[in-house]
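Here is my notebook page from an afternoon of looking things up.

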2 protein chains.
Amino acid sequence: MDPTTFETHPSRYHHWKLAIDGDLARLTMAVDDAHPHKPGYELKLNSYDLSVDIELADAIQRIRFEHPEVKCIVFGADLDRVFCSGANIYMLGLSTHSFKVNFCKFTNETRLYLEDASGSSGLASLAACKGTTAGGGYELALACDETMLVDDGNSAVSFPETPLLAVLPGTGGLTRLVDKRKVRRDRADVFCTTAEGIKGKRAKDWGLVDHLVSRTKWDASVTEAAKALAAKQTVVRGPAFVLPPLEGKIAADKLTYRYVELTFDAAARTAALTVRGPDAIEDPDAIAKTGAEPWALRAFRELDDALLRLRFDYPDIGIVAVRTVGDLAIVKACDEALAKSASGFAREVRLLQRRVLKRYDNTARSFYAVADRADSCFAGVLLELALGADRFYMLIDKDEKIAVTTSVANTGFFTTSTNLSRLDARFYGDPARVQKILARGVEGPIPSEEAEQLGIATIAADDIDFEDELRIAIEERASLSPDALTGMEASLRFVGPETLETKIFGRLSAWQNWIFTRANSTGQHGALTLYGQPERPQFQWKRT
Amino acid sequence: MDPTTFETHPSRYHHWKLAIDGDLARLTMAVDDAHPHKPGYELKLNSYDLSVDIELADAIQRIRFEHPEVKCIVFGADLDRVFCSGANIYMLGLSTHSFKVNFCKFTNETRLYLEDASGSSGLASLAACKGTTAGGGYELALACDETMLVDDGNSAVSFPETPLLAVLPGTGGLTRLVDKRKVRRDRADVFCTTAEGIKGKRAKDWGLVDHLVSRTKWDASVTEAAKALAAKQTVVRGPAFVLPPLEGKIAADKLTYRYVELTFDAAARTAALTVRGPDAIEDPDAIAKTGAEPWALRAFRELDDALLRLRFDYPDIGIVAVRTVGDLAIVKACDEALAKSASGFAREVRLLQRRVLKRYDNTARSFYAVADRADSCFAGVLLELALGADRFYMLIDKDEKIAVTTSVANTGFFTTSTNLSRLDARFYGDPARVQKILARGVEGPIPSEEAEQLGIATIAADDIDFEDELRIAIEERASLSPDALTGMEASLRFVGPETLETKIFGRLSAWQNWIFTRANSTGQHGALTLYGQPERPQFQWKRT
């Protein structure tokens, strides 16, 4: 199997055109139907697949880092009567269940990143829909701050998934419709079961779009609305930093980057992830000024790439042991320098770290963090990897070299999808415990035994027991049903309040996973299977 | 097919013993293994199936109405070393997917009713677990206010579902573990993957149980803890009201009760639900004193029974048209009398109405409310049926006899699982609109056209269009994939904040639905299928 490549660059895009126009970035969807992610289907009518979305994710990321002058992204299309017709149905029909689920998860993350850019980075977005805006196309629009629809008597926004394909809009559409845009639920019901969608005045009256504009006034209105969004942004961005290639060494059993290594044991269905800490205390702004990439950025971009490859290319790997190597004090000092910086660049780095940590939380594999060597460095932002893991095993060594360290990175900025910090989620309902741990952390490293007593480590054991206990725990985990573990972890990891984000990953994705397994969509006579063929789907009518 | 009977009475229980002991009710699980809900399995070791849970639901309901002196329910078992071993696995293995899902939903509702009794009715509960407390047995304990476990070196609480059966604890267990009991997520992870469970001091230290008591001190400690819970209750209950039998006439194509009628068109896969309003303004307390049942209670108990029969016995019915017949003003007056009463009985009636309306929200069928006759009476508590429906169609008549009326029942008490009232959910993010509607409602009935303008009706049409429009809408709905509709409705109906309740029905149930369809649990070589047989399950290892 060829590895999936998540790195790209505007100079290599097949499906998008990126143009910087003052404080606007014009991101034009121009899907090349001859360049699908895999052979077997054509990407007609600006429909998308993973390759299109990888470019989209790259473009948003690059605008954040490389184009700090931009304050609004304008999504357009280079087709005259079609904005975007959504995820390619033939691609979905040809895909395995696990690919479909991971594809939806990735596209969901990309859309959430748009909202993150608007909410935290002073980078708004406008969907300029000058034509058909269907399914995933409308979901992209819903993730933008504002949506403009052309009023040409024909162009509609629509969710044809349920009536035509017997599935759900899988990229947050249902949730954003009622929870974000606050479309009335009975109207949302009508909309989601009307294959041809809703156009014109009704689309605006129902709150499905923000602006309705004629073809003649289109270009001027788009620019005007985008400029108005840009003018509202108050967050200071920059300076610019050009993201260098990761240059990972990708082999079937090992991914090697500068700071991150992920090795696979296919027979045992296990993996080992190692994140190396920074070599020296770094001033991120000073380093970036030279064009070099600070550890704080590089290590997390590498981790992101490794997580995506794990998800897509290693579906049989059930459990990952997560280790860190380096110096606790240096990680902590790097966190503090990064937190102290007032530059927009440093903020982007912190926001990227936060997104990568969320990607980790939302990865449907078991993670056991392991601190079993003297140079283990679960400190600050790397401690989040242990707090986000399903379990954290610590070896008790005589010298108490093995320890964890808290830093400013653990005090609230690195929230999970629930908007709780990982410490707050771990001690849900017990905020005094969080304060106690942070206060203790200020005094210095917390060795294994104490970390267990404080509730940071799940299990601390001395070297008589440690190796066997860990080995057996990993073997046992790898022997359990992957489906049950995915559902269990999705329930236990996201304790506390729900948000639009957890609703999308929890509620909506779980229903979609279920629907994707049902004969009515993906069976021999299912609607997704038969799409585009003369044969009509045959449904099993039992409601559950 | 024999219809499922949801009505029972303590004198006919096979599986529970109910004894009133001062301000305690002792509810003892004594499952008769020879009386399963369907032939084909034995209910060994206090395992349960639908018939056991129907009795449990009946017992809780009767304690609320018939035994107002009770302030704490004590759950025990008449086996010496087993409290409850959970849902019967052979029953699950033999059941259809839709039965499994509906069974879990019903058991979830019953456990939520326990928490509702404690939260709103001054009726606490204690799980006295003097022996093995596994799976659904522990989930029942989690729904109680407090849990006592015997410290005998052997008895454990456990969730063996994931390690042994490749499914999830399906009755709210995962959610209650971390969200209600606030067990640390990494400990919850260890607990949920340890088939033999956790006993003794560790169970208490981890927060899995509240009390740990030796066998010698057991009886006294149970009574002491129950008395302490009872002593904390401040809600005044009563007077007692004995729930009379419903005496519904149950035919294959029609369920007929005093106030409720549900007819089925099997060929069209549609149903028609009609709820008749009260015949006269009633003082619920005065009526109840005579031993007669007020409309406010009777009609909703009948509706509850009809909804349960719809769920279990008519799985092919996809859409229900909901009508009301009666007098708007009388419904409103009844609501007001019920709200004004300070008696515990009246509060129980209101709480029952609220639970039944939630059962309606959580029923996985499409509901279209229809006001198309002059004696339609969507007023107050019956208006909630229209607000809870997926759509509301109103006929515009010349005389403006067709109208809706608001009452005190629409002002906040009748919350959905999200803790929002149905009006607040309908106009999520627009509280001023809710106030406007309630202010307008005080002035008198709101006719169809105005109701549409205000956003109460989805569609109002005159008699030229109405009948065709409704007929086509129902036919179209009935033609869509039932699975996609279930997922869509689950996403659109529960707008706004999430609660433990919506997490259970949304997140947890959706994952469980998915897991139930996967080969790893229910396939030929799945763990659930092979439970109790010598053959070991064979898993497909792909993680999604």
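**Ground rules.** I am working with a predicted model, where local features need pLDDT of at least 70, side-chain atom pairs count only at pLDDT 80 or more, and totals for chains, interfaces and linings use all residues. Residues are numbered from 1 along each chain as its sequence is written, chains are lettered from A and ligands numbered from 1 in the order in which they are written, and side-chain values use heavy atoms, leaving out hydrogens and water.

**Whole chain.** I looked up the secondary structure of chain A and found 22 helices and 22 strands (DSSP runs numbered from the N terminus: helices are H or I with at least four residues, strands E with at least two). I also noted that buried residues make up 65% of the 544 residues in chain A; buried means under 20% relative accessible area, exposed over 50%, partly exposed in between, with a 1.4 Å probe and protein chains only.

**Helix 16.** Next I picked helix 16 of chain A, residues 431–442, which has twelve residues. Which of its residues are buried? I found Val434(A), Ile437(A), Leu438(A), Arg440(A) and Gly441(A).

**Neighbours.** I then saw that the buried residues of helix 16 pack against helix 12, helix 15, strand 21 and helix 17 of chain A, where contact means heavy atoms within 4.5 Å.

**Last check.** Just after helix 16, Gly444(A) takes a positive phi of about 135°.

Definitions and conventions. Expected span 1.5 Å × (residues − 1).
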